[in-house]
Amino acid sequence: MNRHLISAADLSRDEAILILDTTAELASAAGRPIRKLPTLRGLTVVNCFYEDSTRTRTSFEAAAKRLSADVINFSAKGSSVAKGESLKDTALTLEAMGTDAVIIRHSASGAAHTLARWVTGSVVNAGDGTHEHPTQALLDAFTMRQRLSGGERGLGLDGVRVTIVGDVLHSRVARSNVLLLSTLGAEVTLVAPPTLMPYAVETWPCKVSYDLDTELRKTDVVMMLRVQQERMSAAYFPSVREYRRRYGLDAGRMALLPDHAIVMHPGPMNRGVEIAAEVADSPRSTIVAQVSNGVIVRMAVLYLLLGGAGEGARA
Amino acid sequence: MCAMRPEPGHESGAAQPGSWKAVLTPEEIRRALSRIAHEILERTHGGEGVVLLGIPTRGVYLARRLAERIGEFEGTPAPYGSLDVTMHRDDLRLRPARPLRRTEVPPDGVDGKTVVLVDDVLFSGRTVRAALDALNDLGRPRAVQLAVLVDRGHRELPIRADYVGKNLPTAQREVVRVLLTEKDGEDSVLLGERDQ
């Protein structure tokens, strides 16, 4: 594997399946009473979060701690960043303290890629602006494989039909998922209001549709995206009510899905906007499983990036 | 990424013909496993509370064979499983990250049991040390014993096998290969030289 995990596009099919298989083996150990493994003892992982996050930051922290790494949490609030320190200076400071991996979330697209040029350790992208969030895509792929094909080792997601619905424009989750899922052989369809479809979406390895009800009848997975009002600088749809009526998933729409289909959401949810509460809490929803799988997927990623000799850097 | 390189001096897999010398025939492997099964029964007073845990890959097949043998001799097969030691190895940083293997413990667990670890080749002893640590995470066995098909010497840790199929004096540069029908299509133990 590369030294860094910046984009889901960096992963080959074999590498992605290796991460999913490693996750599967770790998941089988997660039920046992002692859940701490000694593998990354003595390594330091820095959680560098320039944007608010609960589940991703705690998930990475739990993953690193379960592998016995030392974790330093660094958030922009209450740090030198609030005094105006640049990303580069922060990176060099962390570098001077000797860190083996930096997990970074930043509001600027490309921040993780830029950081990777400045530090010698591994960089894991935990979300950069509206660009990518590869570990979210990995945990989604793992959850799909677990629920739809019984979690068989060695398999991709060949032929699985995935419909991603909502604010694709602002969603790094959607981009990473399209890239990873198509690498794994799934057929992805994006459904969104035309105003929330990204520029040049026709170059993405997926189909595009504007009619949710038609797509729901022939999909195995429906992934609802959060309407990211904090990133919206203009009016992308007339009203929340109109959005909900055309692109929200309620119990009536859920009934259109084939019997085996699952409902996913990367969280945090806007209940009553893109997803109705009764859908989010239904047995078809994998939202809670996604969170617990998230810790294990991130353990697998940290293990594969840091557990071996790497491509020469660490000895 | 993560290329699976074979263990140094402990390689398994299909052998090239010619450069390898067979040191155990299928018949001899069968007899050695039968003898080990009898010894386990003898040492544990009829196999009471015995759990066989194989170390992947080939140790798991050997554990299953021993469990079946014990079943033939005593009527009830011994519970068996597999124990992945990757995350507990002391040489992880020496090469690219390795894929994890499966850990499966019989439903009754290992607490209070006599666990017999099973591996194909005993060499430096480092795999067994990692196995003892991994086992520690699963519970507290009453006793832990070690069964190996081949003991080739050159220990780097104070570890000794309780049950040995064959003691095989080797030179450090030599390589021992264990082939098992379940994985390799034939039963055989081969001795060869490295870098051939």
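This is a predicted model: local features need pLDDT of at least 70, side-chain atom pairs count only at pLDDT 80 or more; totals for chains, interfaces and linings use all residues.
**Exercise 1. Find which residues touch the most other members of the largest nonpolar core, and where the core draws its residues from.**

Start with the members: the core holds 98 residues, and A:I103, A:A141, A:L180, A:V222, A:V301 and A:L302 touch the most others. Next, look for the main contributor, which is helix α11 (residues 287–306) of chain A, with 11 residues. Then check the domains: at least three residues come from each of domain 1 (8–133 + 292–306) and domain 2 (134–287) of chain A. Finally, zoom in on A:L302; beyond residues up to four places away in sequence, its contacts are A:L40, A:V45, A:A63, A:A64, A:L67 and A:A101.

**Exercise 2. Decide whether B:V110 is buried or exposed, and list its contacts.**

First locate B:V110 in the loop between β3 (80–82) and β4 (114–122) of chain B. Now count: 22 other C-beta atoms lie within 10 Å, and the cut-off is 20 or more, so B:V110 is buried. Leaving out neighbours within four places in sequence, its contacts are B:V51, B:V105, B:V115, B:L135, B:L138, B:G139 and B:P141. Take B:G139 from that list: it sits 29 residues away along the chain, yet the two C-alpha atoms are 5.9 Å apart.

**Exercise 3. Describe the span and burial of helix α5 (residues 134–148) of chain A.**

Begin with the span: the 15 residues reach 21 Å from first C-alpha to last, close to the 21 Å expected at 1.5 Å a residue. Turning to burial, 12 of the 15 residues are buried, including A:L138, A:A141 and A:F142.

Technical notes: Residues are numbered from 1 along each chain as its sequence is written. Chains are lettered from A and ligands numbered from 1 in the order in which they are written. A nonpolar core is a set of buried Ala, Val, Leu, Ile, Met, Phe, Trp, Tyr and Cys residues joined through C-beta atoms within 7 Å. Helices (H or I, at least four residues) and strands (E, at least two) are DSSP runs, numbered from the N terminus. Domain bounds come from an automatic or database domain assignment. Two residues are in contact if their C-beta atoms, placed from the backbone, lie within 7 Å. The expected span of a helix is 1.5 Å times one less than its number of residues.
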